[in-house]
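Here is a short report on one protein chain.

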Amino acid sequence: MGILNDFLVFKEQNTFEPRQILCLRCGSSDIIQKGARIGNHRFQCKSCGKYFTDSLGFEGRRSAPEYITVDVELVYVGLSIRKTVKVLHSIYCNVGRSTIHRWADQYGHMINEYLDGITPLVGEEWRTDEIYMKIRGKRKYLFAMLDSETRYWIAKQVAIHKGTDDVRPMFKQARDITGKIPSKLISDGASNFAETHKDE
Ligand SMILES: [Zn+2]
């Protein structure tokens, strides 16, 4: 259901499986959904009859989770704050720029912090690549280290010269993040990668 919701569920139960809703009073899993009041999903327990709402990750917030979710996801995929305001207003969420900033900051920060703490499962073969680009008008090379199988971007380093001798920071970063050294390293670019790999 989107990045933020997936994340909140994963954070709660440590798996991406659909969330198991339990009755807040008796703990029964025999639950029926009674529609969604804006923002909160309403449920009724078939065992004890209790009505309750579920607002995982949005507890204590006055604004509807749907609005916050839409906001965070739009900002996360790169929509400008100005356009995000427009989208939210079009679905009757009349919040200002500062609120949008705050939501995006809080939840975006939470997601990043969480992702930082994850050790990615990468394979035994990595590859390095170099991309030439301009950063604020200056020519730079971006070196990247990727897992061959998943294309997961393990580490990166920006350098001014293509043949930079010191790509050690990227290797160190890669080892810190994954906790391992690959058995095979394919270098599409400069030969210095292979040599640094040997050194490590
Ligand atoms: Zn119950």
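Begin with the outward side of helix H3. Arg 82, Lys 83, Lys 86, His 89 and Ser 90 are exposed there, on the face turned away from the buried side of the helix. The model is predicted.

The inward side comes next. H3 covers residues 81–90, and Thr 84, Val 85 and Leu 88 are buried in it. Viewed down the axis of H3, these buried residues lie within an arc of 105 degrees, so they line one face of the helix. They pack against two helices, H2 and H4, the latter formed by residues 97–116.

**H3 against H4**

The axes of H3 and H4 are 10 Å apart, and the two helices pack at an angle of about 105 degrees. Angles of 65 to 115 degrees count as roughly perpendicular. H3 and H4 are therefore roughly perpendicular to each other. Which residues meet between these helices? From H3 come Ile 81, Thr 84 and Val 85; from H4 come Arg 97, Ile 100 and His 101. Thr 84 and Val 85 are also among the buried residues of H3.

**Helix H2**

H2 runs over residues 65–76. Its 12 residues, at 1.5 Å a residue, should span 16 Å, and the C-alpha atoms at its ends are 16 Å apart, which agrees. Buried residues in H2 are Pro 65, Tyr 67, Ile 68, Thr 69, Asp 71, Val 72, Leu 74 and Val 75. Asp 71 belongs to that buried set. The buried residues of H3 pack against H2 as well as H4.

**Positive phi angles**

| Residue | Phi | Setting |
|---|---|---|
| Gly 78 | near 105 degrees | follows H2 |
| Tyr 92 | about 65 degrees | just after H3 |
| Arg 151 | near 65 degrees | hairpin of E5 and E6 |

Strand E5 takes in residues 138–147 and strand E6 residues 153–159. The two run antiparallel and are joined by six bridges.

Val 167 sits in the loop between E6 and helix H5, which spans 168–178. Is Val 167 buried or exposed? It is buried, because 21 other C-beta atoms lie within 10 Å, and 20 or more are needed for that class. Val 167 and Lys 156 are 11 residues apart in sequence, and their C-alpha atoms are 9.5 Å apart in space.

Leu 185 lies in strand E7, residues 184–187. Leu 185 counts as buried because it has 20 C-beta neighbours inside 10 Å.

**The chain as a whole**

The protein chain has six helices and seven strands. What order do the elements follow from the N terminus on? They run α-β-β-β-α-α-α-β-β-β-α-β-α. Of the 200 residues in the chain, 20% count as buried. Take the contacts between residues at least 6 apart in sequence: 43% of them join residues at least 24 apart.

Methods
Residues numbered from 1 in each chain as written. Predicted model: local features only at pLDDT ≥ 70, side-chain atom pairs only at ≥ 80, totals over all residues. Pairing = 2+ DSSP bridges. Helix = DSSP H or I, 4+ residues; strand = E, 2+ residues; numbered from the N terminus. Buried ≥ 20, exposed ≤ 12 C-beta atoms within 10 Å, placed from the backbone. Contact = placed C-beta atoms within 7 Å. Expected span 1.5 Å × (residues − 1). Arc of directions from axis to C-beta. Axes fitted to C-alpha atoms, helices over the stretch in contact; angles between N-to-C directions. Parallel < 35°, antiparallel > 145°, perpendicular 65-115°, else oblique.
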